[in-house]
Amino acid sequence: MDNQMVYAIAQSLRDHTQVSYTPAGQMEYRAAKYIAPEKYEFLSDYAPLTSSTVITGDTIFIKGTLSVPDEILSGPDYRDYLRIDIPHREGIVIINGEPYHGLDDNRSRIPLREEWAGKTLDFEVIVFGTRDRHRNRTFVNGIGFERIDLKIESCYYLYIIANDFMRTCGSEPDNMHIRVRVNAAIENAVKDLDLDLEGEALRASVALAEKRLLDGLAEIDDGDVRGLISLIGHTHIDVAWLWQLKDTVRKCGHSFTNMLRLMDEFPDFTFSCSQLQLMDYTKQYYPAVFEQIKERIRDGRWECVGPMWVESDCNVVSGESLVRQLIYGINFAEKEFGTHSHVAWLPDTFGFQPNMPQILKKSGTDYFYTYKLHWQHQNRFPYGMFRWEGLDGSEIISSVAYNPGCYNGNPTPDQLREAKNRNLQNGEFDNVIFPYGHGDGGGGPTREMIEYAHRLRDFPGLPRTRMERADEYFARLETQRDKLPKWYGELYIETHRGTLTTQGKIKRNNRTAEIGYQNAEKLGVLASLMGADPDWKLLSEGWKKILLLQFHDILPGSSINPVYSEDCKEGYEFIFSNLEKFTNGLKPASGESFAVYNFLSWNRDALVSVETDASAACGKTVVGADGKAVPTSVECLGNGKARVTFKAELPALGFAKFSLASEAAVSGKASKVSTAGDGSVTVETDGFVVTVDALGRLSSVYDKAQKRDAVSAPANDIRLFRDGPQSEDAWNIYDIYKERPVSCDWRVELSVKENSPLRTVVHVSKKIEKCAIEQDICIYPDSPIIDFRTHIDWTERHKVMRVYFPANVKSQFAAYEVGFGTFLRPAKQNTSFDKSRFEVNAHKFADLSEGDYGVSLLNDCKYAHSCDDNVIGLTLLRGTTHPDPLADLGGHEINYAFYPHAGDWRTAGTPRRGHEFNNNPVVWSVADDFGADMAGKSLAVCSSENIIIDTVKPAEDGNGIIIRAYECNGCRGNADISLAFAPEKVSSVDLVEGSAQPANVNGSSISFAYGPYEIITFRVEK
């Protein structure tokens, strides 16, 4: 039978579904500008709304009264709806003050409640946004009451699905025998169908046609290898992307009311909702909707998956931030709903760190779903279902189904058939997860999708389907755990590599906030031991904002400009303001001594600078608590101020006290500095001879002790390349940039800014037309680390700036810091997989080491690294224009350091050096008698150098403090953590501070065994 005829029959059936339509009464409208959730600036008074009224602009309020008909039908034969037709707009329908239903192009029917019959209702529609960003004008096509014949509609759905099958799937060779039988069933069913009849005669004819088609389909035998599609109702809501955070609040009201009404209408419909931040928005701004959601969660039909606070970036964020994402999400769900999701739901995130399986597993999360691993530029990810193994050996059952529609699927015959065909493991694992519903901007499943799903449960020639929750799908996959293949380490996406760099200011703010808040927690715990009462709520609220801004389209840099110029600006102002308030609340009265805090878990020497009155500093030197002078430099700043810089020996996780005194200064010698005729500057210390050439590069870094040069070619080599343009340049960077270098005629000036016993600073000024670099190259007499303190004014577009360090080292692998560990990647590009990883994620360091020597590159805010043979590279800036044409314009503070060392990265303690580079000591002016009982002591210190105590914080439930450490070198062994006090009780807990087990405690010492890259967490009760 001709498809066009079947389609025409289906459309005629659809035309017969509407039994009656009655326009609603007169409505009024007015325009408004959306300022913030629940805050509008109204731009006009209310005026009559007609069919010719043009809807334009930000937001429109439509109001009136609804005189509901005396009879409301909602039985098996007929159903009554309020129909609202406003094309190309989203909105929220409010009935009697209650947000009741979402409105968009896919949702114009609003189900009526039987108890509304004969009543007059207050009615309002808030119309906002547009699903088509290029369309700004529309009309209200109608608002009225509609009665639908459900029997005719049921037949319509069956015929349109049969037609879809014939049109999209029936021509496939393995479906030809099915096509013949489906076609025969359709022909037999329509023989006596007469759509020109009316009333009950028409309904009888339609019912007979539907029964014949159902019977004909049921007789078709299509074998037992069809597979199963798990249909997961879902709506992906980007917390920000092409809209701002405030818009997402309204998307919650729009989307979640839709889901609730579908649950009213379809008892078997279930919905899996991610991101507890969205639930928090709903609780705050739509409390009545939130209470309805809680009821559906108790029914088991609404599932909160995640279980993270937002669907976070999982490359740039620290390991501890991933833990906090889980803590905040899990705690919210347990408090509000009494649930704990075991499914990590991150469909749209742009890659995943290699230690995430351990982080998830130790948070009670057993399963993982994502999608974008299929967005590879060159190499197909080999699995759809697998066990993902992390650095420590933890495993998570994972699903990465390669579905059409990504994570915004539609259960149509062609998409279901394609989902099965794309399954890379057909025959082994035939159950495919299939999230369906409109997404990105929200919306979710529609009535039509559910009607389709009902009729496609067992349609011949297609996989069987089942509407269910995500946890039900994964529980079934769990039964096949031992048969699943295994993937070790990171999950890398070959397209979205550019997000490691784009919007660099946000990435700097994020790292500063992460470290600042962890340090504040350590400070607060230390201050508590000294009798202070910290305001922990300030940090808790700040952490929520940090986690929100780590969303996978905010922190990676792939949102529109207002997200950064407004949302992030306001967000980080709040974050740092709370941090300052918290810290100021703990500051003691100022005095003439200095308390210098070290928030790292090992003793360290550090250069410390503090501004003070010049009158107090002139002619003085700094002395420690023992009265002995330490190396000191005093610089007059004018206006009666001086900067005092001194060398401080600091205890682990504690503070030492210093003061100014009229003692003899510690003698020391400055490095030997010479300038050559070619403009280069050479600095010689006791350990190294460093030459800075006329372009500001390191032409030589000679290691006297090892008798070798650490570089094989000029290092600190800053280069520009053409990058794009392309349609998704904020996301993507391709290795073609290597073939597109930009010839830069740098105007360079070198000067020796400082040469003291504490350090030598060579200042480099480099300029071209659209870029200016001011850089201090800091060389220390007693340290091999060379710092590059850098300010860049950047106005380039469609360019990428990278810095290179060619190392005099040969190695098969390079080491990169990731969250709670170190990951090794090939330094040689043998395979297409190796070549595609030309831009890889690392946090505080990358290292290339041979057996007895190596070099590390440290940084304080950058993530995109490379190691091609012996050259370590770091991407500094990009000039992207989509979706933000102003991305990265302006000034940037970027600091990195070069660390040549004997031995490999483990022997050299590179993980510790990376933490030190990112964690300057904090100096307070204090009275002489401040902290006498704690000065010089360590809050906590570990006996093993490869154990880093990363977190010390109050327990989330207020019961004790949490100490979290991790093994950084890939070793196993035994260690002790010594505390500054004898605890009453110590428990080993998971990452979300549960599953307590007794720890081995002896006095003030906690003993434990550890494995490679293991994360260890203790609850300590004092």
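These are my notes on a few residues I looked up in this structure, which is a predicted model.

**Entry: E41**

I began with E41 and found it in strand β3, which covers residues 39–42. Is E41 buried, exposed or partly exposed? Its relative accessibility is 41%, so I put it down as partly exposed. Next I looked at what E41 touches, leaving aside neighbours within four places in sequence: the contacts are A32, K33 and I35. I also checked A31, which is 10 residues from E41 along the chain; the two C-alpha atoms are separated by 8.8 Å.

**Entry: cysteines**

How many disulfides does the structure hold? I noted zero. C771 is in no disulfide either, and its nearest cysteine sulfur, that of C744, is 7.9 Å away. I then looked up accessibility for both: C304 comes out at 11%, so it counts as buried, and C771 is buried too, with a relative accessible area of 2%.

**Entry: R469**

My last stop was R469, which I found in the loop between β22 (464–467) and α12 (470–478). Is this arginine buried or exposed? R469 has a relative accessible area of 18%, and buried means under 20%, so I wrote down buried. Which residues does R469 touch, not counting those up to four places away in sequence? My list reads I232, T270, S272, G300, R301, W302 and E303.

Note on methods:
Residues are numbered from 1 along each chain as its sequence is written. This is a predicted model: local features need pLDDT of at least 70, side-chain atom pairs count only at pLDDT 80 or more; totals for chains, interfaces and linings use all residues. Side-chain values use heavy atoms; hydrogens and water are left out. Helices (H or I, at least four residues) and strands (E, at least two) are DSSP runs, numbered from the N terminus. Buried means under 20% relative accessible area, exposed over 50%, partly exposed in between (1.4 Å probe, protein chains only). Contact means heavy atoms within 4.5 Å. A disulfide is a pair of cysteine sulfur atoms within 2.5 Å.
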